[in-house]
Each structure stands twice: as C-alpha cells, then as structure tokens.
Amino acid sequence: MKITIRLGRYCTLHVLLLIGGSAIAQSTYPDSRIVELRDGLKAAANSHSEKLLLDSRSKFERLLSAEDQTFLVHYYIALADEHLFHYYSDPTQKTRVMNDGIMHLERSIELNDDFAESRILLAGLYGLKIG
C-alpha cells in the first residue's frame, strides 16, 4: 500500500507500507543531485568567478536529459545566466546570457506553470532587458 503525503507545493513524501507493518519513506523532491548542484551554483555566485558559474551551468545542462524535474533544471540554468549577466561587462555577452536565461525560464514555466520562482526570475530578466 502506498500513501502519498504532500509536505508543500513541491515536496511530496511517499510511504510504502509493507506486510508486517514496516515502512520505507522516500522523498521524491527535490532530487539530491539538484540540491547538490544548487549549492554549487550558490558557491559559484558568491565567488564571482566566471569559470565556476559556467561550470555550474554546464552541470545543470547535463541534467536536462536525465532528470524528471526538468522545470527546476531550466530554472537553475537561468539563475546561472542571471549571475553571469551581472558578471559580464561586454554588452554582447550580457544580451546572450539574458536571452538564454529568458528562454530557459519560458521552458520551465511551460513544464510547470505553478512554479512561481521561474516567473519571478523571468520578470527580473525582462526588467534587466528593458532597463
């Protein structure tokens, strides 16, 4: 018997009840790999290192083909792009990462319309674009 408990909008706990009353709990969201990469992105952003930001972004890109929660992966790629936007001084590079971030956020919203963080970051990137 499987019981699903919603712990929040994006966190679900599945409990599998087995014969004899023993239970196995498994958290399905967020994926531990995404959490690990998110923490790496935070560290890269705090270091203000282009190399670390690009490395973190590329790790998220590799997850796109293997991850079920791709809306979240698109969000973190866009977040890396937003950090790179602030890092770059060249207008061409700024425009490139801003447009790429916008594209990833639009895809994130398409995959999960309820994920408000994507909409907030998208509004911020559009603000940078018109600012």
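Reader: Which residues is Arg-57 in contact with, leaving aside its neighbours within four places in sequence?

Author: Arg-57 is in contact with Ile-77, Ala-80, Asp-81, Leu-84, Asp-100 and His-104. Contact means heavy atoms within 4.5 Å. A word on the source: this is a predicted model, in which local features need pLDDT of at least 70 and side-chain atom pairs count only at pLDDT 80 or more, while totals for chains, interfaces and linings use all residues. Residues are numbered from 1 along each chain as its sequence is written, and side-chain values use heavy atoms, with hydrogens and water left out.

Reader: Where does Arg-57 lie, and why is Arg-57 called buried?

Author: Arg-57 lies in helix α2, residues 50-63. Helices here are DSSP runs of H or I with at least four residues, strands are runs of E with at least two, and both are numbered from the N terminus. Buried means under 20% relative accessible area, exposed means over 50%, and partly exposed is in between, using a 1.4 Å probe and protein chains only. Arg-57 has a relative accessible area of 9%, so Arg-57 is buried.

Reader: What makes His-104 buried, and which residues does His-104 touch?

Author: His-104, found in helix α4, has a relative accessible area of 7%, so it counts as buried. Not counting residues up to four places away in sequence, His-104 touches Arg-57, Leu-64, His-74, Ile-77, Ala-78 and Asp-81.

Reader: Is His-48 buried or exposed?

Author: His-48 is exposed, because its relative accessible area of 60% is over 50%. His-48 lies in the loop between α1 and α2. It also has a positive phi of about 55° although it is not a glycine.

Reader: What makes Ala-45 buried, and which residues does Ala-45 touch?

Author: With a relative accessible area of 14%, Ala-45 is under the 20% limit and therefore buried. Its place is in helix α1. Not counting residues up to four places away in sequence, Ala-45 touches Leu-53 and His-83.

Reader: Why is α1 called roughly parallel to α3?

Author: The axes of α1 (residues 32-47) and α3 come within 11 Å and cross at roughly 5°. Axes are lines fitted to C-alpha atoms, for helices over the stretch in contact, and angles run from 0 to 180 degrees between N-to-C directions. Angles under 35 degrees count as roughly parallel, over 145 as roughly antiparallel, 65 to 115 as roughly perpendicular and the rest as oblique. The angle therefore makes α1 roughly parallel to α3. Among the residues making the contact are Leu-41 of α1 and Tyr-76 of α3.

Reader: What about α3 and α5: how do they cross?

Author: Their axes come within 11 Å and cross at roughly 30°. That is under 35 degrees, so α3 is roughly parallel to α5. α3 is mostly covered, with 15 of its 18 residues buried.

Reader: How do you know that α4 is roughly antiparallel to α5?

Author: The axes of α4 and α5 come within 9 Å and cross at roughly 155°. This is over 145 degrees, so α4 is roughly antiparallel to α5. The contact includes Ile-102 and Leu-105 of α4 and Leu-122 and Leu-125 of α5.

Reader: How do you know that the length of α5 agrees with what a helix should span?

Author: The expected span is 1.5 Å times one less than the number of residues. For the 15 residues of α5 (residues 116-130) that should be 21 Å, and the end C-alpha atoms are 21 Å apart, which agrees.

Reader: Which residues of α5 are buried, and why are they said to line one face of the helix?

Author: Ser-118, Leu-121, Leu-122 and Leu-125 are buried in α5. Seen down the axis of α5, the buried residues fall within an arc of 105°, so they line one face; the arc is that of the directions from the helix axis to the C-beta atoms. On the other side of α5, Ile-120 and Ile-130 are exposed. What covers the buried residues of α5 includes α3 (70-87) and α4 (91-111).
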